[in-house]
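Please look over the sequence and the structure first.

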Amino acid sequence: WEFNGSFYQPSAFLMMGIPGLEALHPWISIPFCALYLTALLGNCVILFIIRRTPSLHEPMYYFLSMLAVTDLGLALCTLPTTLGLFWFNVRRIAFDACLTQMYFIHILSFIESSVLLAMAFDRFVAISHPLRHPAILTKSTVLKIGLAIVLRGMVSLLPIPFLLKRLSYCGRTELSHSFCFHPDIMNLACADIKVNVFYGMIVLLSTVGMDFIFIVLSYILIIRTVVSLTTREECLKALNTCVSHICAVLLFFIPMIGLSMIHRFGRNVPPLVNTLVAYTYLTIPPALNPVIYSIKSTHIREALLRAFCRKRG
């Protein structure tokens with residue numbers, strides 16, 4: 001322990017793997033390696049295909065590029081500590097390193113939420129106002145939306161590390177996961193954490209909570225537009241362009257909402273459930289998003305086939 005002024009601050013935290021299955025960590029690392037490899041390769045391929053294919057230089061695919069970059073960041077944030085724990089039983093993480101990892105994990109999560117909202121807005125404009133779509137979502141507008149998304153995440157979460165550093169830690173140092181979360185660190189403090197709880201709740205509701213509400217509203221408006229179309233074929237064609245995005249939204253928000261509820265209200269939830277939900281939240285979306293978009297997007301499939309054929313040729 002390090003004494004700093006009027007409070008105690010631990011030099012490091014101890015990360016936990018999957019409770020009760022510590023002896024199986026080397027075997028459990030195999031599916032995690034597969035997920036991380038899929039996330040890294042899949043998102044890099046998506047970025048490469050969009051960059052090299054002029055026909056994909058449209059708002060929908062610009063936002064998909066933002067999603068791929070965010071998923072790459074999430075995978076790279078948790079990969080070193082997770083595989084380090086499973087492979088080499090490296091449990092120790094320095095206090096400041098933990099706060100840094102936590103900050104980037106939360107920023108990237110908030111950015112992913114905002115990108116999914118931007119993609120929902122893009123689908124709404126494309127379906128409801130197809131003729132005005134190119135004029136509304138120009139390249140400069142997409143760039144401004146991307147910058148606003150990043151700035152919102154960085155600014156709203158900037159106080160979190162400082163709020164954690166002001167706390168006094170004088171008891172347990174074991175984290176619940178192989179990475180750092182704000183609620184997880186906060187609950188290890190033996191000081192008054194009301195400010196942390198209040199600020200964390202306000203930021204979560206005003207960012208991710210609002211994003212989810214606006215995504216739902218966007219799809220209500222999309223459904224209203226689709227219902228007004230004359231033929232069934234037009235309805236199905238319009239809805240088919242949203243399937244990938246709906247899957248990405250469900251993959252991200254369901255585990256995130258579950259994890260938030262567990263950290264705040266699930267004191268009697270078994271540790272294994274908490275751990276599995278956390279790993280699902282941070283490893284499944286980055287791995288499955290590029291797979292979903294590659295399967296459902298005809299344009300990306302065709303670009304992939306062309307790139308593959310050029311290599312073979």
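The points below cover the annotated spans, the cavities, the pockets and one surface patch.

This is a predicted model, in which local features need pLDDT of at least 70, side-chain atom pairs count only at pLDDT 80 or more, and totals for chains, interfaces and linings use all residues. Residues are numbered from 1 along each chain as its sequence is written, and side-chain values use heavy atoms, with hydrogens and water left out.

**Annotated spans**

- An unreviewed UniProt entry places "transmembrane region" at residues 24-50, 62-88, 100-121, 142-164, 197-222 and 242-262. UniProt positions follow the numbering used here, feature names are shortened, and annotations may be inferred rather than shown by experiment.
- Residues 24-50 are 96% helix and 0% strand, with end C-alpha atoms 40 Å apart.
- Residues 242-262 are 95% helix and 0% strand, and their end C-alpha atoms lie 30 Å apart.
- Helices (H or I, at least four residues) are DSSP runs numbered from the N terminus, as are strands (E, at least two).

**Cavities**

- The structure holds 3 cavities of 30 Å³ or more. On a 1 Å grid over the protein atoms alone, a cavity is a set of points where a 1.4 Å probe fits but cannot get out; lining residues have an atom within 4 Å of a point.
- The largest cavity contains about 240 Å³ of space. A volume is the space filled by probe spheres set on the points, and grid points are joined across faces, edges and corners.
- Its lining has 17 residues, with His 106, Pro 183, Leu 204, Ser 260 and Arg 264 nearest the centre. Helix 3 (95-128), helix 7 (182-186), helix 8 (194-227) and helix 10 (243-265) are the elements giving two or more residues to this lining.
- Helix 10 gives the most to the lining of the largest cavity, 5 residues.
- That lining has 10 nonpolar, 6 polar and 1 charged residues. Here Ala, Val, Leu, Ile, Met, Phe, Trp, Tyr, Cys and Pro count as nonpolar, Asp, Glu, Lys and Arg as charged, and the others, Gly among them, as polar.
- The second largest cavity has a volume of about 60 Å³. Met 60, Met 119, Asp 122, Arg 123, Thr 241, Ser 244, His 245 and Tyr 293 line it.
- Helix 3 gives the most to the lining of the second largest cavity, with 3 residues.

**Pockets**

- A pocket is an open set of points with protein on both sides within 12 Å along at least five of seven lines.
- The largest pocket has a volume of about 650 Å³. Of its 28 lining residues, Ser 176, Asn 187, Ile 262, His 263 and Asn 274 lie nearest its centre.
- Helix 10 gives the most to the lining of the largest pocket, with 4 residues. By class, this lining has 15 nonpolar, 7 polar and 6 charged residues.
- The second largest pocket holds about 550 Å³ of space. It is lined by 18 residues, and Met 60, Tyr 61, Arg 123, Thr 241 and His 299 are the closest to its centre.
- The lining of the second largest pocket divides into 7 nonpolar, 7 polar and 4 charged residues.

**Nonpolar patch**

- Met 210, Phe 212, Ile 213, Phe 214, Val 216, Leu 217, Ile 220, Ile 257, Met 261 and Phe 265 make a nonpolar surface patch of about 880 Å².
- Like charges are joined within 9 Å, and nonpolar side chains (Val, Leu, Ile, Met, Phe, Trp, Tyr) within 5 Å.
- Accessible areas come from the Shrake-Rupley method with a 1.4 Å probe; for residues, only the protein chains shown count as cover.
- Helix 8 gives the most to the nonpolar patch, with 7 residues.

Terms used. Patch = residues over 30% accessible without salt bridge, like charges linked within 9 Å, V, L, I, M, F, W, Y side chains within 5 Å. Salt bridge = Lys/Arg side-chain N within 4 Å of Asp/Glu carboxyl O.
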